[in-house]
Amino acid sequence: MNFKTVLKYINYRLTAYTEHDLHSPFLYDFYMELIKNDYSFGDFDALNSIRKRLLANSQSLEITDFGAGSKKLSSNKREIKQIAKHGIAQKKQAEFLYKLTNKFNPKNVIELGTSIGLTSLYFSKAIPKSRIYSIEGCSSIYQFSKQLFEEQKVKNIHLINGNFNIELPKLLNELQSIDLLYIDGNHTYEPTMQYFNLALERKNANSIFIFDDIYWSEGMEKAWKEICTHPEVKLSLDLFQFGIVFFRTEHKAKEHFVLRF
């Protein structure tokens, strides 16, 4: 983190709510089950073993970056272990995503930014009967994650290689509804707003949209603030690492909460 981000994180920690501040049954259950709960699901050991293997993998890939790039990895040649350390959801974040998808059981999931495929595997294991559509722009990373999914005998991930701007509209034309959208790529203002607005056309009352790294850049922060104020968003949650929005009709009044993660 740079100095400005550190200050924002300190402010976040000082102002974030815990379970003691939450009066809504929905939010209290959300916090206790998905954040406070440290129960280790049976899949976690196997997923953590894959993570350790990726963190020890010195294979080098030629990277074509279509988004905002990486703050820690500047070279276009990157080792798998570097990507595993800096470029994907870390253990705590990935296990949260597992618990969230396991709780809400979305049937159609779109992931923008497969990377080396580990986060996709968390989704896959959490909801084995659901369909996960994961889009990756870089062909070498796409090939690596495809090989990983084949090795793990995963059947419910539909992997797509291509630019988000082209592949997302094509995919949305094929789907009647999105239950969960996870955006972990191109952390800049205009693309984030573009993907959000496109996905809105296929959302339903129970859809969940998750935005990774909402404090990654000023543009990403601007996008997150606009998304929170969108009239169709009923509930928005700031977990610093993630921004999460709901469209649930039972939330009559628009609400925003900062939750300690």
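The model is predicted, so local features need pLDDT of at least 70 and side-chain atom pairs count only at pLDDT 80 or more, while totals for chains, interfaces and linings use all residues. Residues are numbered from 1 along each chain as its sequence is written, and side-chain values use heavy atoms, with hydrogens and water left out.

M1, F3, V6, L7, I10 and L14 make a nonpolar patch of about 650 Å². (Patch members have over 30% relative accessible area and no salt bridge, with nonpolar side chains joined within 5 Å; a salt bridge is a side-chain nitrogen of Lys or Arg within 4 Å of a carboxyl oxygen of Asp or Glu.) V6 sits in helix α1, residues 3-15, and counts as partly exposed because its relative accessibility is 31%.

Now for β3. Five of the five residues in this strand (residues 108-112) are buried, so the rest of the structure largely encloses it. (Buried means under 20% relative accessible area, exposed over 50%, partly exposed in between, with a 1.4 Å probe and protein chains only.) One side carries N108, I110 and L112, the other V109 and E111.

| Partner of β3 | Bridges | Direction |
|---|---|---|
| β4 (residues 131-136) | five bridges | parallel |
| β6 (residues 178-183) | four bridges | parallel |

E111 stands opposite S134 in β4 and opposite Y182 in β6.

Terms used: Patches are made of residues with over 30% relative accessible area and no salt bridge: like charges are joined within 9 Å, nonpolar side chains (Val, Leu, Ile, Met, Phe, Trp, Tyr) within 5 Å. Accessible areas come from the Shrake-Rupley method with a 1.4 Å probe; for residues, only the protein chains shown count as cover. Helices (H or I, at least four residues) and strands (E, at least two) are DSSP runs, numbered from the N terminus. Two strands pair if DSSP finds at least two bridges between them.
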